[in-house]
Amino acid sequence: MFKLATATFLGVTTTLTLFFSFPPPPKSFYHSLFLSTPISDNASVAHHLYTLTRRPHVAGTPANAEAAAYVLSTLASYSVRAHIAAYDVLLTYPRSRSLTLTRPPPEPAVQFILRQEIYDGDPYADVANEVFPTFHGYAKSGTAAGPVVYVNYGRVEDYETLKEMGVNVTGTVALAKYGQIYRGDIVRNAYEAGAIGVIIYTDRKDYGGGGGDVKWFPDDRWMPPSGVQVGSVYTGAGDPATPGWPSTRGSERLSNEEIEKEGDVPLIPSLPVSGADGETIMRSLGGQLAKDDWQGSKDAPPYRVGPGPGILNLTYSGNQTIATIENVIGVIEGVEEPDRYVLLGNHRDAWTFGAVDPNSGTAALLEIAQRLGKLLKKGWRPRRTIVFCNWDAEEYGLVGSTEWVEENRALLASKAVAYLNVDCAVSGAGFHAASTPQLDQLLRQAAQQVQDPDNSSQTIYESWAGQSKSAPVVDRLGGGGSDYAAFVQHVGVPAADLSFGGGYPVYHSMYDDFVWMEKFGDPMFHRHLAVASIWGLIALRLADEEFLPFDYLSYASELQKAAKDLEDELIDKELNLTPLAIKESKSWSSIWKEYHMRERELNDRLMMAERAFADPNGLFGRSWYKHLIYGPSKHNDYGSKSFPGIDDAIEEAKKVSTSDSWHSVQHEIWRVSRAVKHASQVLSGKLT
């Protein structure tokens, strides 16, 4: 089915690619100038980061409003027209917490202090009291007391392992490690397994350098023993009280009971704790020895699964409040096509100081604005409108970007060319990119034009490809981990996400500060300049080129790969895999001869094809997610899946194994086939 189904899509995209295979026009003088050394400034990007991270700035707080004002005024100083787009949203803050471990006699009970410690010479000691007590955003208020069960990373497969071991999780407090799946899914999986509360800790093996004589921050990059990864446990997107519509002042809101029925907020209490506290709890466990790959660092105690005999008493009380959040929106209006938008986005709010997450991205965004401001003074004007988006409340669940997209959905669906996201711009060396596939070639081409910040003898493309002779791999945007989600998965806007480094050990802790960045993340701030260069160059090409540089052959190839994987997975199932078998399209050769006079029509086809993959009904049980090709895994919001609706249906069918459940898989296959056919039709531009 999928081979035949993608044939039409492939035929259409092949003709498009042939049309674009003629030599491109000479490189724009202004694009070259954008990349030139005189126009970039690592001192200013470092200053932006230092200023933005001077205080903790959680969404909805005065400190984050000050940060918004800084971004607003900075954009204005670069000749970028900017304004605030505010929303009143439901946020939660910690009111009180306690955690007590009762151990078998004669061991005394342990009352955990639940505090991250400042370090010697900490330049932020004077504002350390502004760091919120460690908590989970949108955590359930309540008390849970019971024996502890160690559940590894809290994945579905981890609970299956415990079941095979004969370990009953019902009525227990689950002890889980951070590191493999989204924390909200850790809590939800625990609830579905019967746990009454969850403790999530930062294991030394994953975040502390492996234990032993390894040093930690500020002497090395690793998480200190008292470090705690905080974060949201909400599994939806946007304000939980306004699902699907914007949280404008006076808007309709769900009650707390209605919010819980939506299924995206947790139903059992949880707390994050440090590696030191997690290890103390681990030492209180008996029962069977955990599997080898569940064990800790080389000098950690043996990890056992319990239950007990250690008993945890967890109490959490949160304060729900309607808080005002502020997105900062900046606009450089296009000349020839002002009604076509190329959007660049990064969020501003942080759980603590946020040097990596997210303000390395904010600093890079302001660096781009500064360079474009210089180009404006030299006479450059974009063909299409460039929009800078500095989001608020991303950390709680992509709230600021989602509310803005929901408010502007109709305009974005008809006018947005692409959305380019950077969250954690820099956490170390090594370039990473993810995108919807029609942007793959553009990403690679831009990477060939920017010098590697860690090796001046090569480009980012060369370091990205490494020793491989093939093109570097571009990941996909199926996960819900950052602000591209509303654009791709809700509206169907082509998008990309860029970064240097990847995961880093002090993530979401109070040690993610300017000192860590200056010592370990990017001492000379050259990586910040590099991500600004490649991010800005992609935006310039999308904004300035007469024909949009989209390559749908990449998309067709990705669809074929995903279809083959699905076919292999379902090889022993009696499913009809032919619904996507549609007629081959005719050659477009005669049509392209006319396109020197019809670039607007062609660009609209290229721009709108992605929308065809967004089904109005959305994924089953998760209707906000409308993209049928890329979406988050049902049990891991960070996980990227091709054909998420089919994947959800397969997982359910494997679980219940009924004819109706496999019929649902078949239905989802048909839905994807129709979406691919619609995309092909948009690209061909012909009515049936």
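This is a predicted model: local features need pLDDT of at least 70, side-chain atom pairs count only at pLDDT 80 or more; totals for chains, interfaces and linings use all residues.
At what angle do the axes of helix H4 (residues 62-77) and H10 cross? They cross at roughly 20°, and they come within 9 Å.

## Helix H10 and its two partners

Start with H4. Angles under 35 degrees count as roughly parallel, so H4 and H10 are roughly parallel to each other. Their crossing is right-handed. On the H4 side, the contact uses Tyr-70, Val-71, Thr-74 and Leu-75. On the H10 side, Thr-362, Leu-366 and Ala-369 meet them. By type, the residues of this contact are 5 nonpolar, 2 polar and no charged.

Now take helix H3 (residues 42-52). Its axis and that of helix H10 (residues 359-377) come within 9 Å and cross at roughly 135°. H3 and H10 are therefore oblique to each other. H3 passes H10 in a right-handed crossing. From H3 come Ser-44, Val-45, His-48, Leu-49 and Leu-52. They meet Asn-359, Ser-360, Thr-362, Ala-363, Ala-364, Leu-366, Glu-367 and Gln-370 in H10. The residues of the contact of H3 with H10 split into 6 nonpolar, 6 polar and 1 charged.

## A pair of helices: H22 and H23

Helix H22 (residues 644-656) packs against helix H23 (residues 659-684) at an angle of about 170°. Their axes are 8 Å apart. Angles over 145 degrees count as roughly antiparallel, so H22 is roughly antiparallel to H23.

H22 brings Gly-645, Ile-646, Ala-649, Ile-650, Ala-653, Lys-654 and Val-656 to the contact. H23 brings Ser-661, Trp-662, Ser-664, Val-665, Glu-668, Ile-669 and Val-672. The residues here divide into 9 nonpolar, 3 polar and 2 charged.

## The nonpolar core

How many residues does the largest nonpolar core have? It has 211 residues. The residues with the most contacts inside this core are Leu-99, Ile-199, Leu-372, Tyr-396, Trp-404, Leu-498 and Leu-542. Helix H18 (residues 526-544) gives the most to this core, with 12 residues.

Look at Leu-542 in detail. Set aside its neighbours within four places in sequence. Leu-542 is then in contact with Val-342, Arg-384, Val-417, Ala-418, Leu-420, Leu-439, Leu-442, Leu-548, Pro-549 and Phe-550.

## Two residues and their surroundings

Gly-618 lies in the loop between helix H21 (599-608) and strand S15 (630-633). Is this residue buried or exposed? Gly-618 is buried, because its relative accessible area is 2% and buried means under 20%. Not counting residues up to four places away in sequence, Gly-618 touches Ser-623, Tyr-625, Lys-626 and Arg-671. Gly-618 and Gln-489 are 129 residues apart in sequence, and their C-alpha atoms are 9.2 Å apart in space.

Gln-681 lies in helix H23. At 29% relative accessibility, Gln-681 counts as partly exposed. Beyond residues up to four places away in sequence, Gln-681 touches Lys-686, Leu-687 and Thr-688. Gln-681 and Ser-274 are 407 residues apart along the chain, and 53 Å separates their C-alpha atoms.

Most peptide bonds are trans, and most residues other than glycine have a negative phi. Here are some exceptions. A cis peptide bond joins Pro-105 and Pro-106, with omega about 10°. Pro-106 sits in the loop between strand S1 (81-102) and strand S2 (110-111). A cis bond also joins Gly-308 and Pro-309, with omega about 5°. Pro-309 belongs to the loop between helix H9 (275-282) and strand S9 (311-332).

Ser-79 is in the loop between H4 and S1. At 45% relative accessibility, Ser-79 counts as partly exposed. Leu-398 has a positive phi too, near 55°. Leu-398 is in the loop between helix H11 (394-397) and helix H12 (399-407). With a relative accessible area of 6%, Leu-398 is buried.

Definitions and conventions: Residues are numbered from 1 along each chain as its sequence is written. Side-chain values use heavy atoms; hydrogens and water are left out. Axes are lines fitted to C-alpha atoms, for helices over the stretch in contact, and angles run from 0 to 180 degrees between N-to-C directions. Helices (H or I, at least four residues) and strands (E, at least two) are DSSP runs, numbered from the N terminus. Angles under 35 degrees count as roughly parallel, over 145 as roughly antiparallel, 65 to 115 as roughly perpendicular and the rest as oblique. A crossing is left-handed if the near helix is turned anticlockwise from the far one by less than a right angle, and right-handed if clockwise. Contact means heavy atoms within 4.5 Å. Ala, Val, Leu, Ile, Met, Phe, Trp, Tyr, Cys and Pro count as nonpolar, Asp, Glu, Lys and Arg as charged, and the others, Gly among them, as polar. A nonpolar core is a set of buried Ala, Val, Leu, Ile, Met, Phe, Trp, Tyr and Cys residues joined through side-chain atoms within 4.5 Å. Buried means under 20% relative accessible area, exposed over 50%, partly exposed in between (1.4 Å probe, protein chains only).
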